[in-house]
Amino acid sequence: MLKAKNLCWQQGNKKILDNIDFSLLKGEVIGLVGPNGSGKSSLLKVLSFLEKPTAGEILFQNKVIGSNISLDIRRKIAIVFQDPLLLNTTVYENVASGLKIRGKSKKEISDKVDRWLTSFGIFHLKNQKARLLSGGESQRVSLARAFAIEPDVIFLDEPFSALDVPTKELLIDDINKIIKDTNTTAVVVSHDFRDIFRLASKAMVLINGRVEAVDTPFNLINKSTTAEVDRFLIHWKNLDF
Ligand SMILES: Nc1ncnc2c1ncn2[C@@H]1O[C@H](COP(=O)(O)OP(=O)(O)OP(=O)(O)O)[C@@H](O)[C@H]1O
């Protein structure tokens, strides 16, 4: 689905992403972890074509993506950030917005919005003003908006980090079910390795802009890799999963 070869991203003299090889299969969920400033958000931005790589190549659905990214490709990708970034209108209009841009019919928009509001457990908030929602409800709207366009790849950049633990736990349960039911292809960034354990089949450890390890979350916790990776994961290695 999505592949990157020798991907580099530099800003001024600073090498932020350094020779990254990345591969995401259809229906796969990859967790991206690493210390603060290791380049996780930057990698999502480059992989989702929000930033252009300074070197290397990205292939999307087996086609090399050049510097002119078509609207058609951009529209196959959705991103959810830590901050839900909702429009100052109703929940319905927020979830409908991506479908409207894509020229879907009124009936299709209405059916899809209802379906995704239901999946995310927020149908009762349909006519509520988005600015009156709690943090957890807002993030559910943001996720419903992203899933409603049925993207080929969805990038989740720390979507849970502003939520309290019970709110986050319930949301992860729902996302897990939705991802499995819809065979969603996703990359998820989280500071909490337990989130990665629950959501992803594979995890990638980024340190100083380099991929230091790729394995199942189970193996990363239970096996030793490099000293740097082990040091980063030590806290999680001492917990019971
Ligand atoms: N547009 C930019 N220009 C210059 N430097 C940048 C830019 N974007 C990111 N950086 C730098 O690149 C490095 C990686 O940042 P990035 O936000 O990708 O890390 P991260 O792993 O997502 O961090 P965190 O876990 O704290 O969110 C940081 O040192 C950051 O300051």
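**Ligand surroundings and nonpolar cores**

In the predicted model, an oxygen atom of the ligand lies 2.7 Å from an N or O atom in the side chain of Lys-40. A ligand oxygen is likewise placed 3.0 Å from a polar backbone atom of Gly-39, and an oxygen of the ligand is found 3.4 Å from an N or O atom in the side chain of Lys-14. The ligand taken alone exposes 640 Å², of which the protein buries 63%.

The shell around the ligand comprises 14 residues, the closest being Asn-36, Gly-37, Lys-40, Ser-41 and Ser-42. Two or more residues of this shell are given by each of strand 1 (2–11), strand 2 (14–24) and helix 1 (40–47), with the largest share, 3 residues, coming from helix 1. When the shell is divided by class, 8 of its residues are polar, 3 are charged and 3 are nonpolar.

As regards the protein interior, nonpolar side chains in soluble globular proteins tend to be buried together. In this model, the largest nonpolar core contains 49 residues, among which Val-113, Phe-120, Leu-143, Phe-147, Ile-175 and Phe-193 touch the most other members. Helix 5 (residues 135–148) makes the greatest contribution to this core, with 6 residues. For Val-113, when its neighbours within four places in sequence are left aside, the residues in contact are Tyr-92, Val-95, Ala-96 and Leu-99.

Technical notes:
Residues numbered from 1 in each chain as written. Predicted model: local features only at pLDDT ≥ 70, side-chain atom pairs only at ≥ 80, totals over all residues. Heavy atoms only, no water. Core = buried A, V, L, I, M, F, W, Y, C linked by side-chain atoms within 4.5 Å. Buried < 20%, exposed > 50% of the residue type's maximum accessible area, 1.4 Å probe, protein only. Helix = DSSP H or I, 4+ residues; strand = E, 2+ residues; numbered from the N terminus. Contact = heavy atoms within 4.5 Å. Near = heavy atom within 4 Å. Polar contact = N/O pair within 3.5 Å; in protein donor to acceptor, adjacent residues only side chain to side chain. Areas by Shrake-Rupley, 256 points an atom, 1.4 Å probe, with all protein chains shown as cover. Nonpolar A, V, L, I, M, F, W, Y, C, P; charged D, E, K, R; others polar.
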